[in-house]
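Biologist: Could you open the model for me? I'd like to walk through it with you.
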Amino acid sequence: MAENFGILFQWLIFMGMAFVSIIASLMVITRKNPIHSALFMVLTLLCVAVLYVLLHSPFIAIIQVIVYAGAIVMLIVFVIMLLDLEEELRSGLKIVSSKVIGGFLAVLFLLGIFYAAVAKSPAGQTGTYTTEKMATNVKDVSEVLFTKYLLPFEIISILLVAAIIGAVILSKKRT
Amino acid sequence: MQVLYLLIETVVKCVVVFACLMLSVAYLTWLERKVLGHIQIRFGPNRCGPFGLLQPFSDGIKAFFKEDLVPGRADKAIFVISPMISIISAIALFAVIPFGNEFTIPGTNWVVKLRIADIDIGLLYIFGIASLGEFGIVLGGWSSGNKFGLTGSLRAAAQMISYEVALGISIIGVIILSQSLRLSDIIHQQAGGFWNWNIWYQPVAFVLYIICGLAEINRTPFDMPESESELACGFNIEYSSMKFALFFMAEYAHMITMGALAVTLFWGGWQAPLPQLDFIPGVVWFCGKLFVFCFFFIWQRGTFPRLRYDQIMKFGWKILFPLALINLLITALVVLLKG
């Protein structure tokens, strides 16, 4: 009885979050006002974070909230607020080539999703780190990150440092 | 049946914490006006009830019945939503704060833990929700269609992003010491008297946390988003009535959470300063320590003048950020060498 209740509850949350995230992501690409788009993006990211929690991965979920919803979209909003929005809205942004390229990429992406859903995915490797262990403990995630995946981790850090230095140099050029 | 009991327990805890938080917010505004009054050699509120104790309620009633204006140039939906974002995130922050140890209900074997949610990622949760709360302030200023409001929210966005970095890095030292992000683990690791508290092991991190925390909640030396003398209240310039009150309450609730987190991370949480004093319930110790921090936040508001905006950014990036990094490096090195 209690277990059924739990499963039903999880199912309800999943359905709600899935619907909200789909609707919100549709709103992201249809809103005229870029700030509204950015806010619907936050909503989408939050819903996806809840889906991660349902998959017993609270760490990924909260990193999603901190990094994407909190930091990246905040920077996007910050930049949009500095621009003159009304001029942008009046000009109407009619670029044909961007629509063609965007449509092509969207169809390609859709095909990719269909392929991923239909094709047989290889079974995940079994090891000492089971999903339950990985999901509930930040320590295990970081252990894997700093031992097994150390090289990709270091490469990403170097790339990010290079990007930061590049940004500093670009912004210093004008003085 | 177990599920039902758990549900009842959680709901009761939520209601109690929410009520206590709102009551503390109300009386924190009273305390702030009273203490600031005495610092500036005036009386502060003293008309409503004895010592002005009914002042928060009269303010609340006043805010509730004032006219609710929405400016014509405002982005209406966002204008209405942003105070809600602020207050919801400020209240949600308190969900992971442990305000006491566990106790058993007499006559049963049902153990009640005095915290709403004891999650593995408690500290990250606080950072995540706090970063969402910034949207309230940033969007509130932007959506009111006022240039002072816009300037205030631009300052808020830049300042919060800058100080969040130093805040996060300063706390990592504590995480290294306790080997956990779970707030109750961090408290248990500081057990056994005040000499075990993290403040003695991480003094630099403590000072950095207090400074960056003040910048995060926009308190006085760092209250650039709403500096009255230049921006005429900044981001909340167009807000009136209950919407303004929500921003106000969110600020004070966030201040309480900042203090509660400082107690948890550096002052041993609910634990007694001496092992002999353990018979006093943890909630009492927690509230006492929290009061010290809240009083300190008010006191420093009456003491320090507001910084200039460029000074704040320079201070954040060129002094606090390197200091936090050095502190982190030294902590990691010492922990590594000690094994």
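Biologist: How many residues from chain B and from chain A take part in the contact?
Modeller: The contact takes 21 residues from chain B and 19 residues from chain A. Keep in mind that this is a predicted model.

Biologist: Which helices of chain B supply at least two residues each to the side that touches chain A?
Modeller: Helix H1 (2-39), helix H4 (122-143) and helix H5 (147-178) of chain B each do.

Biologist: And where does the largest share of that side come from?
Modeller: From H4(B), with 10 residues.

Biologist: How do the residues on that side of chain B divide into nonpolar, polar and charged?
Modeller: There are 15 nonpolar residues, four polar ones and two charged ones on the side of chain B that touches chain A.

Biologist: What ipTM and pTM does the predictor give the complex?
Modeller: The ipTM is 0.79 and the pTM is 0.83.

Biologist: Now chain by chain. What is the mean pLDDT of chain A?
Modeller: Chain A has a mean of 80. In chain A, 79% of the residues reach 70 or more.

Biologist: Where in chain A is confidence lowest, and where is it highest?
Modeller: The lowest is helix H6 (residues 131-136) of chain A, at a mean of 60. The highest is helix H8 (residues 150-172) of chain A, at 90.

Biologist: What about chain B, what does its pLDDT average?
Modeller: Chain B averages 83, and 99% of its residues score at least 70. In chain B, helix H9 (residues 228-231) is lowest, at a mean of 70. Helix H8 (residues 203-216) of chain B is highest, at 88.

Biologist: Switching to the fold. How many helices and strands does chain B have?
Modeller: Chain B has 12 helices and two strands.

Biologist: What share of chain B counts as buried?
Modeller: Of its 339 residues, 44% do. Then take contacts in chain B between residues at least 6 apart in sequence: 76% join residues at least 24 apart.

Biologist: Back to chain A. Which domains does the assignment give?
Modeller: Domain 1 (2-89) and domain 2 (137-175). Their centres, taken over C-alpha atoms, are 25 Å apart.

Methods. Residues numbered from 1 in each chain as written. Chains lettered and ligands numbered in written order. Predicted model: local features only at pLDDT ≥ 70, side-chain atom pairs only at ≥ 80, totals over all residues. Domains from an automatic or database assignment. Contact = placed C-beta atoms within 7 Å. Helix = DSSP H or I, 4+ residues; strand = E, 2+ residues; numbered from the N terminus. Nonpolar A, V, L, I, M, F, W, Y, C, P; charged D, E, K, R; others polar. pLDDT = per-residue confidence, 0-100. Buried ≥ 20, exposed ≤ 12 C-beta atoms within 10 Å, placed from the backbone.
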